[in-house]
Amino acid sequence: MNLVVLGAGESGLGAALLGKAKGWTVFVSDFGQIDPTTQNVLKKHEIEWEMGGHSEAKLTQANLVVKSPGIPEQAPPIQLLRKHQISVISEIEFAARYTYKPVVAITGSNGKTTTTALTHYLLKDGGLNAEMGGNIGNSFAGLLLEAPASHYVLEVSSFQLDDIVDFKPHIAVITNISPDHLDRYGYSFEAYRDAKFKISANQTAADYLIYDGDDPNIAAGMQDHTIRAQKLPFSLEKSVDQGAYIEEDNIVITIANNQIKMPIASLGLQGQHNLKNAMAAATVATLLDIRKETIRNSLEHFQGVEHRLESVLKINNVQYINDSKATNVNATYYALESMETPTVWIVGGVDKGNDYAELLPLINEKVKAVICLGIDNTKLIESFGNVVDLLVETTSMNDAVNVAYHIAERGDTVLLSPACASFDLFKNYEDRGRQFKEAVRKL
């Protein structure tokens, strides 16, 4: 049986190696260049590959195709495969077919990385042999080969969910839904929202869906989709019979007859958005029978993830914060909302159909200068040029950080929170965040 893998990134390599291990004849095809390390791995495992284009003959010989989440439906090779009625699936779908272990799958426009990392931290602290991957770290397929576990905690993106068939997490989490990646979904918010809800499409009454009970977009999605899983909302605004809510400065989690309480003040991560992330992760841990004392202790000590409101250095009493993970407007909203000092804001990259209007009140209140960091800053200049006293264009991270250094005064904050994708100037958001930290350390 022939397996074609489109894209030789993390997920593609994982799928290729898992396919080879399971007896498939594997061919890897990448439209771009395949890095030398990956080439060596493919050679070592005797997997045939090509780069710089796709061979139509090879693609149409496939019995099954696993595609990179970055390849859109409209791409010519996908259209060719559809024409030949060859099944195209995502790597998480492919990997899920080779394990019966429980999966915790976490999606959302914002907070999914922190919630995934925190959930994994809670389960490990609780003694479970849990592994973490998906859209962060190792691919799901790679984990099955290299790190067999009792539980898998996966961050899953809408792109990954687009091409599932039977993927069914035992516990699904939707942290929130706000406009993002609209360029990929024909600028239809409903299409993007529907992709997120695929996370629960195959769940049954034996499974669980944990979600933000305050999010109107999730509420609308609930009306439009049949949810068979047991529903466990978390809320800052109202009490719930089953799920998590706030009562007298405590998080209260109730599942069946099991209840846990913990003070908000003791959380290692502060801020309204992190409170919700903690509620979601703690609900997962409670479902999986982690002890109450372990959950409380772990929530106190968890310090967050790289590139998400990460404190880098304080120089001349100016705090530098790396929020490169903020690749959409809603994530940047949370970041600006948490700023307590005058802020020099570094923003920009590849616009995904952003509407910056919701940021304007926060910019008026908190931002003293805007530094645009991108190849095309036209939309940013139109949105913010008349809102702040100072707006500067830059085209490299070193320039952006140096400009910020000269603008910022004692007591200010320099915040990298781009609200955009990174692919114009950087490999990915991690590369962008690391370049920011390196530039700050050189000051």
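How many bridges join strand 9 to strand 10? There are four, and the two strands run parallel. Welcome to this predicted model!

**Strand 10 itself**
- Strand 10 covers residues 208–212 and is mostly covered, with five of its five residues buried.
- Tyr208, Ile210 and Asp212 point one way from the strand, while Leu209 and Tyr211 point the other way.

**On the strand 9 side**
- Strand 9 is made of residues 171–174, and its pairing with strand 10 includes a bridge between isoleucine 174 and tyrosine 211.
- To get from strand 9 to strand 10, the chain passes through helix 9 (residues 189–197), making a right-handed β-α-β crossover.

**On the strand 11 side**
- Strand 10 is also joined to strand 11 (residues 230–234), by five bridges, and this pair runs parallel.
- Here tyrosine 208 stands opposite glutamine 230 of strand 11.

**Cysteines without a disulfide**
- Searching the whole structure turns up zero disulfides.
- For cysteine 372, the closest cysteine sulfur belongs to cysteine 420 and lies 9.5 Å away, so the two are too far apart for a bond.
- Cysteine 420, in turn, is in no disulfide, and its nearest cysteine sulfur is that of cysteine 372.
- Cysteine 372 counts as buried because its relative accessibility is 0%.
- Cysteine 420 has 1% relative accessibility and therefore counts as buried.

How values were computed. Residues are numbered from 1 along each chain as its sequence is written. This is a predicted model: local features need pLDDT of at least 70, side-chain atom pairs count only at pLDDT 80 or more; totals for chains, interfaces and linings use all residues. Side-chain values use heavy atoms; hydrogens and water are left out. Buried means under 20% relative accessible area, exposed over 50%, partly exposed in between (1.4 Å probe, protein chains only). Two strands pair if DSSP finds at least two bridges between them. A crossover is right-handed if, with the strands pointing away from the viewer, the path from the first strand over the helix to the second runs clockwise. A disulfide is a pair of cysteine sulfur atoms within 2.5 Å.
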